[in-house]
Amino acid sequence: MCGIVGYIGFREAFPILINGLKRLEYRGYDSAGCALLHDGHLNVYKAKGKVSDLEHVAETKDIKGTLGIAHTRWATHGVPSEVNAHPHVSMSGQLALVHNGIIENYAILRQRLMEKGVKFYSETDTEILVKLIEYIKDKRHCDLPSAVRMALHQAIGAYAIALIDVNEPNELLVARKSSPLAIGIGEDNREFFIASDASPIAEYTKQVIYLNDEEIAVIRRDEPLKVITILNHEVEPNVQTIDIDLGMLSKGGFPHFMLKEIFDQPEVLRDCMRGRLLPDKVVLSAVENYKDRLLSARRFIIVSCGTSWHAGLIGKQLIETFCEIPVEVEYASEFRYRRSTVDERDVVIAISQSGETADTLAAIEKAKSKGAFIFGIVNAVGSSIARATDTGVYIHVGPEIGVASTKAFTGQVLVLSMLAIALAKAKNCIAQEDYLTLIGELGCIPDKINKVLEQNDRIRELARIFTYAHNFLYLGRGYNYPVALEGALKLKEISYIHAEGYPAAEMKHGPIALIDSEMPVVFVATHHKLHKKIISNMMEVKSRGGRIIAIVTEGDEDMKKIADEVIEVPETENCLVPLLSVIPLQLLAYHVAVAKGLNVDQPRNLAKSVTVE
């Protein structure tokens with residue numbers, strides 16, 4: 001949600017800020033703005049809409065300056081508008097601030113400041129924060145870092161902020177709590193870049209610092225970076241080297257990032273397996289280093305949200321089947337608030353693409369407070385969840401720009417598959433023959449995904465038939481039930497068609513009432529032990545006039561006799577089938593949305609990284 005970019009150095013800031021905002025467009029937003037400091041003047045420009053609208057606003061303005069901050073806003077407090085867009089300025093007009101997150105006690109702070117004569121013009125919590133900082137600075141006669149520290153002591157909630165002051169033309173302040181912020185360090189400390197994640201920074205420097213909660217960075221031109229806590233304790237910055245393939249940040253000839261990322265999957269899954277999947281074994285350092293702790297767990301609890309929750313449902317089946325360890329899968333948003341029995345005997349597996357999901361982070365903190373061991377599965381190196389966990393596995397699928405997750409899902413399922421296989425071997429509860437069969441089949445998955453992707457043109461033509469639909473039903477059993485949930489989520493995320501996923505056997509317990517000739521039904525019906533039962537479910541739909549699209553195993557002639565449309569996937573082990581059966585559903589959702597003329601990469605109301613509740 002939202003995106004922050006900032007720059008201080010020797011270059012013109014505006015092009016860097018705009019380029020950075022474009023890198024962050026995938027996060028979702030409804031307005032954009034920037035503030036530039038030049039010759040003692042603070043120039044602030046805002047626009048409702050896209051970054052391109054901001055460029056249009058600024059094209060006739062003074063955009064000079066080597067110090068600036070910029071922002072893309074996703075509305076929380078106040079409707080999308082130019083007034084509510086960031087940056088927000090102080091009463092004197094000397095301070096400008098951008099903010100990601102939510103200040104939960106904004107109403108109390110606003111009332112206190114209004115009683116002191118402070119006026120407000122927007123509906124945002126951010127305007128309250130910048131005016132509180134200036135009020136403290138003037139009242140206490142202190143410097144800006146001190147005023148920021150004192151203001152953040154009063155603020156309850158989540159924040160990542162960047163702040164500039166007309167009176168400090170060589171200083172940029174940033175701070176964070178429960179909202180990500182990265183600082184890129186240029187050569188010889190001559191310039192610094194800030195952003196909500198490393199993607200806007202990677203083309204300028206590989207040296208990055210990720211601020212921890214309640215840390216403030218005082219960034220001064222041509223000086224080493226200084227990091228303090230809100231208690232005014234100086235801390236040593238932890239500089240990391242990032243490795244982001246800039247090619248992953250471009251569409252590479254594809255019309256949309258989402259389609260590119262669907263087609264990325266064979267290669268990125270190879271990257272995910274590299275060094276881990278060997279000809280005769282699965283090697284995960286997290287399992288090697290913490291084998292006793294993992295195997296002694298009384299249960300695993302998977303906490304996640306959205307697509308990651310669907311991956312977690314597959315992980316539950318994998319771990320219970322191969323490792324004989326009980327697994328619970330919970331929405332992080334529910335886990336964090338309900339009373340639970342988690343304790344030091346449990347292992348909590350946190351799954352998040354961004355590594356910044358607010359609910360999942362809160363669930364981790366709750367589990368840690370109870371003594372649980374925390375295992376993370378994330379994509380973003382150096383993210384908050386990666387730092388908060390005891391150990392874990394990166395999925396290494398590269399930046400995912402499309403808001404609707406595709407390659408992150410298959411990366412998560414692949415890591416969960418390797419985790420289950422490695423744990424089963426460590427626990428001696430899998431036969432050597434089965435172990436080697438699964439290893440061999442995992443190695444074949446990328447090539448088999450390529451075979452599915454060869455059907456892209458046919459799926460595109462098929463998708464045009466179904467743009468009329470107002471509702472879809474997705475049905476699957478076993479490992480394919482979570483795939484049905486994921487397929488339904490993809491369709492509603494980007495095509496705005498209402499879709500629901502169910503276990504196929506549950507259709508008779510309510511959803512069958514919806515079946516008619518206007519209701520397309522997608523069956524994820526690859527070969528498994530319940531194959532005959534899902535054929536019976538299909539016959540029930542057929543007899544009621546439903547239009548059936550079936551995802552089947554190659555050569556399944558029985559399904560072809562029943563379904564209106566059939567998409568085949570190569571045969572594989574039943575437990576690995578989600579890695580193949582989800583691909584046609586990703587393509588179907590994509591092509592339906594494109595046929596409807598919708599913005600596939602940035603669907604309405606959605607943000608890529610949900611860093612607030």
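Mentor: A residue counts as buried under 20% relative accessible area, as exposed over 50%, and as partly exposed in between, with a 1.4 Å probe and only protein chains as cover. The model is predicted, so local features need pLDDT of at least 70 and side-chain atom pairs count only at pLDDT 80 or more, while totals for chains, interfaces and linings use all residues. Residues are numbered from 1 along each chain as its sequence is written, and side-chain values use heavy atoms, with hydrogens and water left out.

Begin with Glu 571, which is exposed because its relative accessible area is 54%. Glu 571 belongs to the loop between β27 (565–569) and α19 (578–595), where helices (H or I, at least four residues) and strands (E, at least two) are DSSP runs numbered from the N terminus. Together with Glu 433, Asp 434 and Glu 573, Glu 571 makes up a negative surface patch. Such a patch takes residues with over 30% relative accessible area and no salt bridge, and joins like charges within 9 Å.

Now turn to charges that do pair up, where a salt bridge means a side-chain nitrogen of Lys or Arg within 4 Å of a carboxyl oxygen of Asp or Glu. The whole structure holds 33 salt bridges. In one of them, Lys 131 and Glu 127 come together with N and O 2.6 Å apart. These two residues are about one helical turn from each other because they stand four residues apart in helix α4 (residues 125–140), and both Lys 131 and Glu 127 are buried.

In another salt bridge, Asp 213 meets Arg 176, with the closest N and O atoms at 2.7 Å. This pair connects distant parts of the chain, 37 residues apart, since Asp 213 is in the loop between β11 (207–210) and β12 (215–220) and Arg 176 is in strand β8 (residues 171–177). Asp 213 is partly exposed, with a relative accessible area of 40%, whereas Arg 176 is buried at 3%.

Glu 328 and Arg 299 also form a salt bridge, at 2.9 Å from N to O. Because Glu 328 lies in strand β19 and Arg 299 in strand β18 (residues 299–304), the pair ties together parts that are 29 residues apart in sequence. Glu 328 is partly exposed at 33% relative accessible area, while Arg 299, at 10%, is buried. Both residues belong to a network of salt bridges that links Arg 298, Arg 299, Glu 328, Asp 343, Arg 345 and Asp 346.

One further charged residue deserves a look for its backbone. Most residues other than glycine have a negative phi. Glu 324, however, has a positive phi, near 55°, and is found in the loop between α9 (306–323) and β19 (327–331). With a relative accessible area of 57%, Glu 324 is exposed.

Conventions:
Patches are made of residues with over 30% relative accessible area and no salt bridge: like charges are joined within 9 Å, nonpolar side chains (Val, Leu, Ile, Met, Phe, Trp, Tyr) within 5 Å. Accessible areas come from the Shrake-Rupley method with a 1.4 Å probe; for residues, only the protein chains shown count as cover. Lys and Arg count as positive and Asp and Glu as negative; His and the chain ends are not counted. The place of a charge is taken as NZ of Lys, CZ of Arg, CG of Asp or CD of Glu.
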